[in-house]
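Have a look at the chain, and then let us go through it together.

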Amino acid sequence: MLVLVPTRLEAELLLDGPCPADWRPVDTRIAGRAARAALVGFGPVAAAVLGALALRETAEEPVWLVGLAGTYRPDWLPVGALLTATEAICADVGRGRGDTLVGPEALGLEPSWERVGLARAPAPPPDAIPGPLVTVGRASGSRAEAA
């Protein structure tokens, strides 16, 4: 199993063994199980680039992206729950923000890349909640903006 972790702090909280220094996978342990882990940075660009480099170094499956995250729907996905992502969505693509956000289609851009379907884990943990993994480039300033 390869575990991609955004930050060193998250890796230190998660791993029982050595923490990676960068995107190069290292042998470690998680909850007593052997694993390999790599740091992939914070944000969609860093995670994409550094995650691709880490994947290039290994042929292991499954690959897990593990980190601290928020939730827009605590009634459905409470803080501390495990999400098995069914798709990745980049939610704030376009111009403006909140009620003035103009999405890619309105700007004449191809919108297909902002939603990417993901392969489901062959045997997800029984308490995992399937659903979308939403990435934004900034925090919401209000509940209305988050909605």
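Q: What kind of model am I looking at, and how are residues numbered?
A: This is a predicted model: local features need pLDDT of at least 70, side-chain atom pairs count only at pLDDT 80 or more, and totals for chains, interfaces and linings use all residues. Residues are numbered from 1 along each chain as its sequence is written, and side-chain values use heavy atoms, with hydrogens and water left out.

Q: Is Gly51 buried or exposed?
A: Buried means under 20% relative accessible area, exposed means over 50%, and partly exposed is in between (1.4 Å probe, protein chains only). Gly51 has a relative accessible area of 4%, so this residue is buried. Gly51 lies in helix α2. From Gly51 to Leu39 there are 12 residues in sequence and 8.0 Å in space, C-alpha to C-alpha.

Q: How many helices and strands does the chain have?
A: Helices (H or I, at least four residues) and strands (E, at least two) are DSSP runs, numbered from the N terminus. Here the chain has three helices and seven strands. Along the sequence they follow the pattern β-α-β-β-α-β-β-β-β-α.

Q: In which order do the strands of the four-stranded sheet lie?
A: Strands of a sheet pair through backbone hydrogen bonds, either parallel or antiparallel. Two strands count as paired if DSSP finds at least two bridges between them. In this model an open sheet of four strands has the order β2-β3-β1-β4, and its pairing is mixed. At the edges are β2 (26-30) and β4 (63-65), each pairing on one side only. On average, neighbouring strands of this sheet are turned by 40 degrees against each other, direction ignored.

Q: Which strands does helix α2 touch as it packs on this sheet?
A: For angles, axes are lines fitted to C-alpha atoms, for helices over the stretch in contact, and the angles run from 0 to 180 degrees between N-to-C directions. Helix α2 (residues 44-56) touches β1, β3 and β4, and its direction makes about 160 degrees with that of β1.

Q: In which sense do β1 and β3 pair?
A: Strand β1 (residues 2-5) and strand β3 (residues 33-39) are parallel, with four bridges. Take Leu4 as an example: its bridge partner in β3 is Ala38.

Q: Which residues make up the largest nonpolar core?
A: A nonpolar core is a set of buried Ala, Val, Leu, Ile, Met, Phe, Trp, Tyr and Cys residues joined through side-chain atoms within 4.5 Å. The largest one has eight residues: Val3, Val5, Ala11, Leu15, Ile30, Ala35, Ala37 and Leu39. Both β1 and β3 supply at least two residues of this core, and β3 gives the most, with three residues. A second, separate core has five residues, among them Leu2, Leu4, Ala38 and Ala54.

Q: How many salt bridges are there in the whole structure?
A: Side chains of opposite charge can pair when their charged atoms come close. A salt bridge is a side-chain nitrogen of Lys or Arg within 4 Å of a carboxyl oxygen of Asp or Glu. A search of the whole structure finds four. One of them joins Asp22 and Arg24, with the closest N and O atoms 2.3 Å apart. Asp22 is partly exposed at a relative accessible area of 26%, and Arg24 is partly exposed at 44%. Another joins Asp27 to Arg36, at 3.0 Å between the closest N and O atoms. Asp27 counts as exposed, at 55% relative accessibility.

Q: How far from Glu10 is the nearest side chain of opposite charge?
A: When charges are assigned, Lys and Arg count as positive and Asp and Glu as negative, while His and the chain ends are not counted. Glu10 is buried yet has no salt bridge, and the nearest side chain of opposite charge, Arg8, is 11 Å away. Glu10 sits in helix α1 (residues 8-14).

Note on methods: Contact means heavy atoms within 4.5 Å.
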